[in-house]
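Subject: Structure handover

Hello,

Here is the structure I promised. Please open it first, then read my notes below.

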Amino acid sequence: MADTNGIAILVPGALHAHAAKRIDERFRLIAIDKADASLVTPEIARDVRGVASMTSINAAFIDALPNLEVIAHFGVGYDSVDAAHAGRRDVMVTNTPDVLTDEVADTAVALLINTLRELPKAEAWLREGRWEREGGYRFSRGSLRGRRVGIFGMGRIGQAIARRLEGFGLPIAYHNRRQVEGVPYAYHDSLLGLAGAVDTLINVAPGGASTARAVNAEVLRALGADGVLVNIGRGSTVDQEALIAALADGTIFAAGLDVFADEPHVPEALLALENTSLLPHIGSASVATREAMADLLADNLVAWFTDGKPLTPVAET
Ligand code: DGY
């Protein structure tokens, strides 16, 4: 086993405890409060060859580390890392795909059902003692039956969601940057076209400039009055103001959201709406899956520093 103990890995801000432990066992872990170039001392700048993080990494931070070789990101979505700048600087970026696919797909389906059938609201009502006092919970206006599902982003997670919903007997269509080979569902070359053909839109698209506010007022209008939006991808992909307006005036029926434009802030207007089901970005957040992500992050660093080939490099680098 190659000796990696002298290699300095910088951890800016919070990191999953198991990832930190794995890094500490194999490397010299240096922790700082946040990924801010002003916190980089001359010693850190001289020594650090790797960064492990679950926070935003911008170009100035990358440039403050002249000997940086690799950024190991915790999570499959890496829109918070300036991967394009890392690429220009010849810095490898890795993420943690695959190990979370099933967990996120399960959450997406659960969120869709919760949104339609109001299961969390019914449970809260029972816990308030209202069943005994008031009789049965009102029937949900929403149902999965007869829905036509559109998936925006047909990567690994999108495909896992589609497989699950096929099992519910629902027709599936999708929009993606390009048609995905071997995927049997109807392809739409525009998001608006997809929204016009379905009543249930599930966003799984990666965040970043190319998808920013792609789910806008026009797309929501195209979904129609029965329309449901589920967002398990990134809050930045949805025009949040347009969504709030569409939910408030009945342009669409309901929304289930695991992600928001400015996390952890959730606007009062969304909280006040009855036709929303809201989760605190927990798509992949089971103990086992988060630990598997932590292991993959650490394994990427070990693989990079022992044979120069990380297990899961991101596309840009
Ligand atoms: C991911 O892995 O991208 C999840 O959304 C957590 O950030």
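Helices and strands here are DSSP runs, numbered from the N terminus. The model is predicted.

Start with Thr251. Its place is in the loop between α11 (240–248) and β11 (254–257). Leaving aside neighbours within four places in sequence, Thr251 is in contact with Leu220, Arg221 and Ala246.

Now go to Ile9. Thr251 and Ile9 are 242 residues apart in sequence. In space, their C-alpha atoms are 50 Å apart.

Setting aside neighbours within four places in sequence, Leu301 is in contact with Ile9, Ile23, Phe27, Gly50, Ala52, Val70 and Ala72.

Next, the core. The largest nonpolar core has 84 residues. Which members touch the most others? They are Ala52, Ile151, Ile202 and Leu301. Helix α13 (residues 287–307) supplies the largest share of this core, nine residues. Where does the core lie? Domain 1 (8–99 + 288–307) and domain 2 (101–278) both give residues to the core, so it lies between them. In soluble globular proteins, nonpolar side chains tend to be buried together.

Last, the record. An unreviewed UniProt entry places the feature "domain: D-isomer specific 2-hydroxyacid dehydrogenase catalytic" at residues 40–314. In the model, that span is 39% helix and 14% strand. The end C-alpha atoms of residues 40–314 lie 25 Å apart.

Best wishes

Technical notes:
Residues numbered from 1 in each chain as written. Predicted model: local features only at pLDDT ≥ 70, side-chain atom pairs only at ≥ 80, totals over all residues. Core = buried A, V, L, I, M, F, W, Y, C linked by C-beta atoms within 7 Å. Buried ≥ 20, exposed ≤ 12 C-beta atoms within 10 Å, placed from the backbone. Helix = DSSP H or I, 4+ residues; strand = E, 2+ residues; numbered from the N terminus. Domains from an automatic or database assignment. Contact = placed C-beta atoms within 7 Å. UniProt positions renumbered as here; feature names shortened; annotations may be inferred.
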